[in-house]
Amino acid sequence: MTYLFNDPAQFADELAEGYTAAHRDKIRRVDGGVIRRHKAKPGQVVVIIGGGSGHYPAFGGFVGLGLAHGAALGNVFAAPSAQQICNVAHAADAGGGILFCYANYAGDVLNFTQAQEHLRAQGIDVRLVIVTDDIASAPADERHKRRGIAGTLAVFKAAAVAADAGKTLDEVVRIATAANDRVRSLGVAFSGCTLPGAAKPLFEVDPGIMEVGMGIHGEPGLDRVKAPSADGLAEMLVDKLLAEIPKTINNLSGARIGVILNGLGAVKYEELFVVYRKIEQLLTVRGLAIVAPVVDEMITSFDMAGVSLTLFWLGDELEQSWLAAADTPAFHRGVITDAHCLIDNGVESRDTQKESSIKPGSAESQAAANIVLAALEAALDAIAAQQDELGRLDAIAGDGDHGIGMQRGLTAAVNAARTAISEQAGAGTTLITAGDAWSDRAGGTSGMLWGVILRNLGHAVGDETKPDTATIATGIAEALQAVIVAGKAQLNDKTLVDVLYPFSTALTKGATQGFSTPETWTAAAEVAKQSADATKNLTPKIGRARPHADKSIGNPDPGAVSMALVIDVVGKIIRRQCS
């Protein structure tokens, strides 16, 4: 379990503060993450990585000379928000373009893609390379669906070395993509991990049993087998990974290979060395030449007892980058000799605070804004009461942080709405401001999507008049379409779309028939509740739950449940305020 914490909701911020304080010689903190203390060369490409907290040394531990130029740090097991990513990118930008390199998880993909769009609109050339090394998460013919785990280190390093060598953005992307094509990983676990403040692990493993193919966010494995000996584990990992030799490798004998044996948190170094002893024997007897192996904790999952093995097939280019010098808080190799790199980066924190530009809304709209605030406050109370249950549902086939993430997002939304109302904002601006705060603070997939929902509803509602039933229905319909575009989910994919779609349809029907807003919302809320319950019969087709489809059947989707819950309590506020 996690023993040392204050407020679990502040854990990620406080660990980032302490981490930066401990390594001021190598990194600086900025809004949203950390960057190198020393500047990149003017005009060069910079590499920005990132992901959820709880995986140290990934991802902040890989920022420094010879590795990433910056890392966006999300909340515990939640992707960083698009705003966090943009803040880090701006702080590290050297004028030569930016490569975003990150692991393949739905929230990371959504938020890094959104950040890319924002930065491109500002004239900055930004590209994406997504790491997909986990062989357990999808078959070989669907490598684009695979998760990223410990193999991210080799890809990050290849990209960063190329960038620091002055290569163009096109070349950096090519090199990082080629590195990803050559990396394969597989992990196992003997116990689950426990989030700060949680009473029990996200999943449990019976004594003497091992989960094969678990995720780094506490997702359970894809298979359970009897726990082998150290040698037996080495044999299993090596055999499964060697079965996926890249097509570019023509001859196994004599091939040069990189190796990362990674501890996930509670399996310690002495045990890792016992396992590595056998791995080295198995690879050597097959004629493979091991180059600069790493036996360490490189990407963890709090207190999870588990290990992962990464193999990557070295060509000249990838081997040179793997052997290149690096000096970060968590990864050291050789000696950095480029004196130019030692120019201090004077940025301590990127100031994102701006003077208010809120224009007062009409009296009617300001009155509606107060209803918006009351609805958000009620939603926060309802989510807080159900946080543990939402986490339990999420842990069945995901990472167990949905309740925590919803609470973080709603807390930020409530605070932002209060500030907006104090400045005489109308309903539309209040919704937009709350949505921005929600997505920025919560991060992850649901944080980003709830931000999309509130922003679209806010744009439809506006600040001039009291929103009627038709306006609200139009705003929810526009929000639905924006969510589908952003999240790529369709009806029956077992996501919040399975609630938002029928809810929107019911609202539109009520508006068309001329019913009042309280009547229409109440009827649509009942549809939403029934739709959320019906997701228990669906099979997840996207997101972290997809590899665990069988475990998900019989349980409703946590995102659908939380959406129906929010819709219900908002309906109660509307009935109280508008009847």
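Let's start at Leu-99, which is in contact (heavy atoms within 4.5 Å) with Val-45, Val-46, Val-47, Ile-48, Arg-127, Leu-128, Val-129, Ala-159, Leu-169, Val-172, Val-173 and Ala-176, leaving aside residues up to four places away in sequence. This is a predicted model, where local features need pLDDT of at least 70 and side-chain atom pairs count only at pLDDT 80 or more, while totals for chains, interfaces and linings use all residues. Residues are numbered from 1 along each chain as its sequence is written, and side-chain values use heavy atoms, with hydrogens and water left out.

Six of the six residues of β5 are buried, so the strand is largely enclosed by the rest of the structure; buried means under 20% relative accessible area, exposed over 50% and partly exposed in between, with a 1.4 Å probe and protein chains only. Ile-98, Phe-100 and Tyr-102 point one way from β5, and Leu-99, Cys-101 and Ala-103 point the other way. In a regular strand the side chains alternate between the two faces of the sheet.

Strands pair if DSSP finds at least two bridges between them. β3 in turn pairs in the parallel sense with strand β4 (residues 70-76) over five bridges, where Ser-53 faces Val-76. Eight of the eight residues of β3 are buried, so β3 too is largely enclosed by the rest of the structure.

Of its 66 residues, Ile-49, Leu-99 and Cys-101 touch the most other members. Helix α4 (residues 152-164) supplies the largest share, eight residues. A second, separate core has 64 residues, including Ala-374, Leu-380, Leu-449 and Leu-457.

Ala-374 also takes us to a helix pair: in helix α9 (residues 363-385), residues including Ala-374, Ala-378 and Ile-383 meet a set in α18 that includes Leu-565, Val-569 and Ile-573.

Definitions and conventions
A nonpolar core is a set of buried Ala, Val, Leu, Ile, Met, Phe, Trp, Tyr and Cys residues joined through side-chain atoms within 4.5 Å. Helices (H or I, at least four residues) and strands (E, at least two) are DSSP runs, numbered from the N terminus. Axes are lines fitted to C-alpha atoms, for helices over the stretch in contact, and angles run from 0 to 180 degrees between N-to-C directions.
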